[in-house]
Each structure stands twice: as structure tokens, then as C-alpha cells.
Amino acid sequence: MRALAARAACENASHCHARAVNSRRAVGAGMLIFGFSLPTLPALALGDSTVTLEDVTPPVAPRGDLPPSEERIAKLFENNTFSVVNVFDTTLKPELNLTGSVEVPEGNGTGIVWDKDGHIVTNYHVIGSALSKGLGKKKPVARVSLLVEDGVQKTFQATLVGADKTKDLAVLKIDAPEALLHPISVGKSSNLKVGQRCLAIGNPFGFDHTLTVGVVSGLNRDINSQTGVIIGGGIQTDAAINPGNSGGPLLNSDGKLIGINAAIFTRTGTSAGIGFAIPVDAVSRVVPQLIKYGKIMHAGLKIQVAPDIVAKQLNVKKGSLVLSVLPSSTAAKAGLVATRRGIAGNILLGDVILAVDNLSIKNPAELAKALDDHEIGDQVVLKVQRDDKVFDIHVELEESLN
């Protein structure tokens, strides 16, 4: 029995030795494993002076053509990146923290080239620090870096042309050669559809000209702007938007501007896949006014309406209660009645505006939003309640008191 076991062990050892030899031969001559042929890989000794870099460098395969969808996105970025600028608030400076990384202030953001005259559009809150310090029109409020050829950036001092906090938009001006100015192509936002592709270009955390891609996730969202106001009609997107993207463009798949990136919904301070942009239709109405007048000419009624808390105290449950009417205003001429005191000192409620052009009004915020969609000189129909009667009043809008 011992002899048989010894003989079996010897045969097994011989068999293993033979397999190892055959394996080495197979590696040297090339072998077939799972249907794939392995190349010949001669063993090279460590420190062998006959070995060259070429011997141990694998061949690099050519890239080949990009898929059509990727080629299109790459082209869109190339065509629009020169229309995107870095905006740096002059009152803020990047700081080096203890870890050695650079902390980018919130006032450093993005902007777009609007025209060949050097007008740059960005968010109000991007230069909010400078504006809060009283730096006004024609005063330097920011530095703007333009991308020129070969990835080089050229920086210009930017002065304020106009700004509006309620729209979170600002227009700057730089004195740059016309050849360096590449105005962005402006599209429309009224025909957007949820699900269509969109692209965002900006400078998140100071990383300039960064591209992110997503879709239009929602429309007509209320944007809680960093200026502390609510902007209606916003575009929601899942394209990554981070601090530093503010003021940058949101583009459609044709490379046309459809919005200005303004805010994100987040609990961490970074992108959570919910970003918001001011629709380009609103931007196209606001920017020309900022350039011409330095401010937005808001259409309104030159009336004062009761805040929600006051309206509730006066038992006004819906609509917008008129507290006062400017005597020379179109609203006064149309017959709108203000709240006043009676002979006995009791409060006589004024007209309560229930609707504007059949659009229901529940509170003062909705009234402001409804009027904001109009221009100065537009005729509107107000549905008002006076005592127990409800009727229509036709009135021409004029510049708002606010």
C-alpha cells in the first residue's frame, strides 16, 4: 500500500511539473484562453539593460470618431464657451484656507456676453456685496475675465449699467475690443418642454468654463432667489449647478440661451440635481430696460395694497385690498376706491382686486406677479369687489410706485 501511494504521489508530482512547463511554454508562444488569444510576453529581468521603453509600452489605439450625440454636445460647448465669462466681485477675494485649498467667495460667479458693446449679463446676487457697499452706476463693481484663444483669459474692469433685485439680474459693461466679444445666441423659453435636453456652462467653485448636461425637469417654478425675493416662471433642471454657476447660461440642444442659472435647492450647499434658471423671455424683457434706463420700468397701478396680515385683520379673505390710490394716477381716473375712515372714525374698506384679465388674485404677491407680465401702457381689466358688488374696471398700466 505504501508503495502504491508513493508511486501515485510521484506520478502526480510529475504531472504537475509537466503542466507548469507546458504553461510556461504556452505563455512564451501564445495561448488560447476562453477563446481569446494572448500575445507573446517574453519574461524581462529586472534591471535588464537591453529592455527599452518601447518594449514595455503598449500600443495606443486611435480615438476614432465620437458618437454623433457626443460630437454635437462638444460642438455646442466650443461654440458657446467664448460667450461665457468669469465675474469677480471687486469687494471679495479668494482666500487660502488651512488645508491649502482656495475658498471661492459666493460673489464670484458667471456672466454672458450680451452684445458687441461690451454688456455683460449676470445675477444681481453675484455682485450683491459691491452693490450693498454703495457702489453705483458707472462705478467699478467687478472684474470680468474673457476667454480668448488658446485658453488664455483676459481680465477687464466692469462698471455697473443697471441692476434689479426683484429679478436677480444685473448688467455690467467692459471696455473690450470687439474682436474678443462673442454675444450669446438668444432663444425662447415659452416653448420649452419638460424632458428636453439642456446644458449649463459656468464657473463652479472657480473651475472656469465647466459644462454640465441635463434635462428640463420642470417649468413655471417659483425661484427663491438669493436676493430674498421670489421669481416666478423659473426653469427647473437636473444639470449640475453649483456655487459659481450663478449668472451663467442654460442652453437648449441648439445652443440657444433659454435661461440664466440663478439658484439651487440643496441642504449641503452643492448640487442635489435641482437647479433653477430665470427664463430667457424674462431676461430679454429686463436687460434692454437695464441698459437704457439703468432700472426696470415695472408696470403697475400706483396704488398701495394691504399686506396679508392687515387684510386678515380686516376680514379680507381673498383678493388684494386697496389701501391708497395716487390721485393723479390712471387707477384713480378709472375709479378705483381706496380704504378710508368714515365720519364716525370707522374703517370703510376700499376695492378688493379679485382678478386681473380673468387671472384670479388671492393676495398682493399674486397681484404683483400678474402685473409684472405686462408692459407700461397695457390696458387690463380688473375684477373688483366693492361692498357687496363685483364688477370690472378697465385701467391703463403705468410705472409702478415700487
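Which element gives the most to the lining of the largest pocket? The points below take the pocket, then the cavity, in this predicted model.

1. **The answer.** α8 gives the most, with eight residues of the pocket lining.

2. **Pocket volume and centre.** The volume of the largest pocket is about 1,300 Å³. Its lining counts 40 residues. Nearest the centre lie K167, A365, A368, K369 and D372.

3. **Other contributors to the pocket.**

4. Sort the lining by class and you get 19 nonpolar residues, twelve polar and nine charged.

5. **Where the pocket sits.** Domain 2 (196-293) and domain 3 (299-399) both supply lining residues, so the largest pocket lies between them.

6. **The cavity.** The structure has one cavity of 30 Å³ or more. The largest cavity holds about 120 Å³ of space. Its lining includes A282, R285, V286 and Q289. I296, M297, H298 and A299 line it too. So do K167, D372, H374 and E375.

7. **Cavity make-up.** Here α5 gives the most, with four residues. By class, the cavity lining has five nonpolar, three polar and four charged residues.

8. **Where the cavity sits.** The largest cavity also lies between domain 2 (196-293) and domain 3 (299-399), because both give residues to its lining.

Note on methods: Residues are numbered from 1 along each chain as its sequence is written. This is a predicted model: local features need pLDDT of at least 70, side-chain atom pairs count only at pLDDT 80 or more; totals for chains, interfaces and linings use all residues. Side-chain values use heavy atoms; hydrogens and water are left out. On a 1 Å grid over the protein atoms alone, a cavity is a set of points where a 1.4 Å probe fits but cannot get out, and a pocket is an open set with protein on both sides within 12 Å along at least five of seven lines; lining residues have an atom within 4 Å of a point. Grid points are joined across faces, edges and corners, and a volume is the space filled by probe spheres set on the points. Helices (H or I, at least four residues) and strands (E, at least two) are DSSP runs, numbered from the N terminus. Ala, Val, Leu, Ile, Met, Phe, Trp, Tyr, Cys and Pro count as nonpolar, Asp, Glu, Lys and Arg as charged, and the others, Gly among them, as polar. Domain bounds come from an automatic or database domain assignment.
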